[in-house]
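Trainee: I have a model open and would like to talk through its architecture with you. Could we go step by step?

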Amino acid sequence: MAEPRATGAAVCVLAGAIAATLAVVVGPGPSLAGYVSEAGVTGNRYAWTYRLGLFTLGAALLLLASALRDHLARRDHPGRQPDKALRVGVLLLVAGALATGLSAAVPCSTGCPLPPFEAATVADLVHGAVSIVAAGATVLAMIAIVLSRVATDPLRRTAGISLAAALPLAGALALAMLFIGRGPLAGVLERLLLLVIVSWGAVSALILATGSAAADRRDPLAGASAHHGRPPG
């Protein structure tokens, strides 16, 4: 059943976001002038609070991917044309989860320096790359859900609204990092983008946790085929 995994995803999203936010707010970071990853620099008082928050968010993405896969199996039954978009969305969430975990496992150095404005270590480059992959894969998963034919309307609407906010923020953040570098603009844009991603994950997980039974009532043939593994009729 999708509901327990979706509920777990919602809990992990909230717990991970709270832990990471706590580390950023009360830690020794440079407030809005720096990247949130600076809270996880080795030696910082709340570094492990931040990293555990990231690991928890990675687990949330895995649980959300699993719940979406069950959602797909429930609705993409024989007799319908296979829905590739949601399958791609599940794979993107798995990739985002793995990248999030690697981001937590490989912290950046003080200031999280990145080219072209600062000299970066190998760990900085790895951390920066996987962090970008994690956010990018999650945003692309939103696109996949919007394009899906079998995802429920609440899931598509949530993804569409989140995507409308995430795409301009991601574009502006990329330009800020490329042409301005570390500073208040990049810091604010990064936090806003992460807020959109976390909000999307929490709301989508709650929709999956509470909406599967209702979806079966609206489309009983989908529920029957998911349980019996054969086309209706």
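Trainee: Happy to start with a helix pair: at what angle do H4 and helix H5 pack?

Mentor: Keep in mind that this is a predicted model. Two packed helices are described by the angle between their axes and the distance between the axes. For H4 and H5 (residues 153-179), the axes lie 8 Å apart, and the packing angle is about 140°.

Trainee: Which word describes how H4 and H5 are set to each other, roughly antiparallel or oblique?

Mentor: To count as roughly antiparallel, an angle has to be over 145 degrees. The angle here is about 140°. H4 and H5 are therefore oblique to each other.

Trainee: Which residues of H4 meet H5, and how many charged residues does the contact have?

Mentor: From H4 come Val139, Met142, Ile143, Ile145 and Val146, and their partners in H5 include Leu155, Arg156, Ala159 and Leu163. By class, the contact of H4 with H5 has 10 nonpolar and two polar residues, and the number of charged residues is one.

Trainee: Now the other pair: how are H3 and H4 oriented, roughly parallel or roughly antiparallel?

Mentor: Helix H3 spans residues 84-105 and helix H4 residues 122-147; their axes are 8 Å apart, at an angle of about 160°. Since an angle over 145 degrees is the cut-off, H3 and H4 are roughly antiparallel.

Trainee: What is the hand of the crossing where H3 passes H4, and which classes of residue make up the contact?

Mentor: The crossing of H3 with H4 is left-handed. Among the H3 residues in this contact are Gly89, Leu93 and Gly96, and H4 contributes Ala134, Ala137 and Ala141, among others. The classes are 15 nonpolar, six polar and no charged residues.

Trainee: How far apart in space are Leu93 and Leu140?

Mentor: In sequence, Leu93 and Leu140 are 47 residues apart. Both belong to the contact of H3 with H4. C-alpha to C-alpha, the distance in space is 8.8 Å.

Trainee: Let's move to the cysteines: which residue does the disulfide join to Cys108?

Mentor: A sulfur pair within 2.5 Å counts as a disulfide, and by this rule the count comes to one. The S to S distance is 1.8 Å, and both cysteines are buried. The partner of Cys108 is Cys112.

Trainee: What is the phi of Cys112, and where does Cys112 lie?

Mentor: Cys112 is buried, as its relative accessible area is 5%. Although Cys112 is not a glycine, its phi is positive, at about 45°. Its place is the loop between H3 and H4.

Trainee: Which residues does a cis peptide bond join?

Mentor: One of them, Pro116, also lies in the loop between H3 and H4. The omega is about 10°. The bond joins Pro115 and Pro116.

Trainee: Finally, how many helices and strands are there in the protein?

Mentor: Along the sequence the pattern reads α-α-α-α-α-α-α. Of the 233 residues, 48% count as buried. The tally is seven helices and zero strands.

Methods. Residues are numbered from 1 along each chain as its sequence is written. This is a predicted model: local features need pLDDT of at least 70, side-chain atom pairs count only at pLDDT 80 or more; totals for chains, interfaces and linings use all residues. Side-chain values use heavy atoms; hydrogens and water are left out. Buried means under 20% relative accessible area, exposed over 50%, partly exposed in between (1.4 Å probe, protein chains only). Axes are lines fitted to C-alpha atoms, for helices over the stretch in contact, and angles run from 0 to 180 degrees between N-to-C directions. Helices (H or I, at least four residues) and strands (E, at least two) are DSSP runs, numbered from the N terminus. Angles under 35 degrees count as roughly parallel, over 145 as roughly antiparallel, 65 to 115 as roughly perpendicular and the rest as oblique. A crossing is left-handed if the near helix is turned anticlockwise from the far one by less than a right angle, and right-handed if clockwise. Contact means heavy atoms within 4.5 Å. Ala, Val, Leu, Ile, Met, Phe, Trp, Tyr, Cys and Pro count as nonpolar, Asp, Glu, Lys and Arg as charged, and the others, Gly among them, as polar.
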